[in-house]
Amino acid sequence: MKKILSLVVLVSLLLVLTASASAQEYTLRYGHVLNESHPFHEGFVNMAERVENRTDGDLQIEVFPSSQLGVEEDVLEQLRSGVPIAWNTDAARLGSYVPGLAVVNAPYFVDTIEDVEKLRQTPTMQKWEEELAEEYGIKILSFSWVQGFRHFMTNEPVRSPEDLDGLRIRTPPAPIWHQSVEALGAVPTAMNFGDIYTGIQQGSVDGAELVYSNIPAGNLFEVLDYVNETRHFLLVNFQVVSNQWFESLPEAYQEVLVEESNRAGLETSRKLAEQTEEIKQTVQEEGMTIVEDVDLEAFREAGMQAYEELDLMDEREQIYEEMEAIE
């Protein structure tokens, strides 16, 4: 009887330990450069909660804002090596691995969230996603995260490409950003997101090109006077993880992670679109002037030079054809 009782206790203990190990088995650290007040952060937190609920706590996501996990380029290299880290990035940086992907961040490529949804369904994008995962170890969970249009933000009004002549504009450190900003008329200056405020304050750059939500998030109204609505990029963000780590997940958990990333991305993108007018009002109250009478046709024409210099014209036309075929 004692042997049977001991066996029952041992089995029960093993079951408890197994359940406990399973609950702690998958933990993902999720990083981004934005601060906690940005809608993207709330979107990541919501996604984390839903993933945890749907996996009964077996897959947990810890969200780290404000570059707490480090500089983006370093984080991407870590996740490539299998570290369980996720990151909010863009096609410009992913284009460093698969060049064609950079086209998503080229000037005036797509205009709406609906365009982005079609983009996700194109064979060419799906092929690039597979290449990124298989050859470079980076798994794209979703690119349904749209921050909105990027505009030039300066201390003097800009209405045409000529008005940008000689202005040093902060860009992220990736070739597509550099070539695009240069094609649009400015002098591109690579700088990390967290350095923009002091860079402008100290005169290292004359401005930046950002989305509206970046202004209050970074208190940029304190160092910039104008938002020039050039709408030159619709900023599409990509959520990426280590492909090695992703493949280690049970298939059901993989599906949950992808589904909830897409779901939260669309929700957050639409929320941001609705908030844009409120943010515009806020930055004007803080003293900024919005320049709306921009010669968009001149900027669109200038932007085509970036496609040519980066040899992305064929990719542009191919994806446009595929998007037109999607109903």
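How many aromatic pairs does a search of the whole structure find? The search of this predicted model finds 10 aromatic pairs.

## Aromatic pairs across the chain

One of these pairs joins Y26 and Y253. Their ring centres are 6.1 Å apart and their planes stand at 90°, so the pair is edge-to-face. Y26 belongs to strand β1 (residues 26–31) and Y253 to helix α11 (residues 251–285), so that distant parts of the chain, 227 residues apart, are linked by the pair. Y26 and Y253 are both buried.

The pair of F40 and W145 is likewise edge-to-face, with 5.2 Å from centre to centre and 70° between the planes. F40 lies in helix α2 (residues 39–54) and W145 in strand β4; 105 residues separate the two, and the pair links distant parts of the chain. Both F40 and W145 are buried. Ring pairs also bring F40 and W145 into a cluster with Y30 and F44.

## Charges over rings

The charged end of R231 sits over the ring of F149, at 4.0 Å from the ring centre. That of R316 sits over the ring of Y307, 5.0 Å from its centre.

## Nonpolar cores

The largest nonpolar core comprises 44 residues, and V104, M125, F238 and V240 have the most contacts inside it. Strand β8 gives the most to this core, contributing 6 residues.

With neighbours within four places in sequence left aside, the contacts of V240 are L76, L79, I85, A86, W87, T89, L94, I138, K139 and I140.

## Helix α3 and its covering

Helix α3 spans residues 72–80, and its buried residues are E72, V75, L76 and L79. Viewed down the helix axis, these buried residues fall within an arc of 100°, so they line one face of α3. An α-helix has 3.6 residues a turn, so residues three or four places apart point the same way.

The buried residues of α3 are covered by elements that include β3 (85–90), α4 (91–94), β4 (138–154) and β8 (226–242). Two of the buried residues of α3, L76 and L79, are among the contacts of V240. After α3 comes G82, which has a positive phi, near 110°.

Conventions. Residues are numbered from 1 along each chain as its sequence is written. This is a predicted model: local features need pLDDT of at least 70, side-chain atom pairs count only at pLDDT 80 or more; totals for chains, interfaces and linings use all residues. Side-chain values use heavy atoms; hydrogens and water are left out. Buried means under 20% relative accessible area, exposed over 50%, partly exposed in between (1.4 Å probe, protein chains only). Helices (H or I, at least four residues) and strands (E, at least two) are DSSP runs, numbered from the N terminus. The arc is that of the directions from the helix axis to the C-beta atoms. Contact means heavy atoms within 4.5 Å. A nonpolar core is a set of buried Ala, Val, Leu, Ile, Met, Phe, Trp, Tyr and Cys residues joined through side-chain atoms within 4.5 Å. Rings of Phe, Tyr and Trp (its six-membered ring) pair if their centres lie within 6.5 Å; planes under 30 degrees apart count as stacked, over 60 as edge-to-face and the rest as tilted. A charge sits over a ring if NZ of Lys or CZ of Arg is within 6 Å of the ring centre and within 35 degrees of the ring normal.
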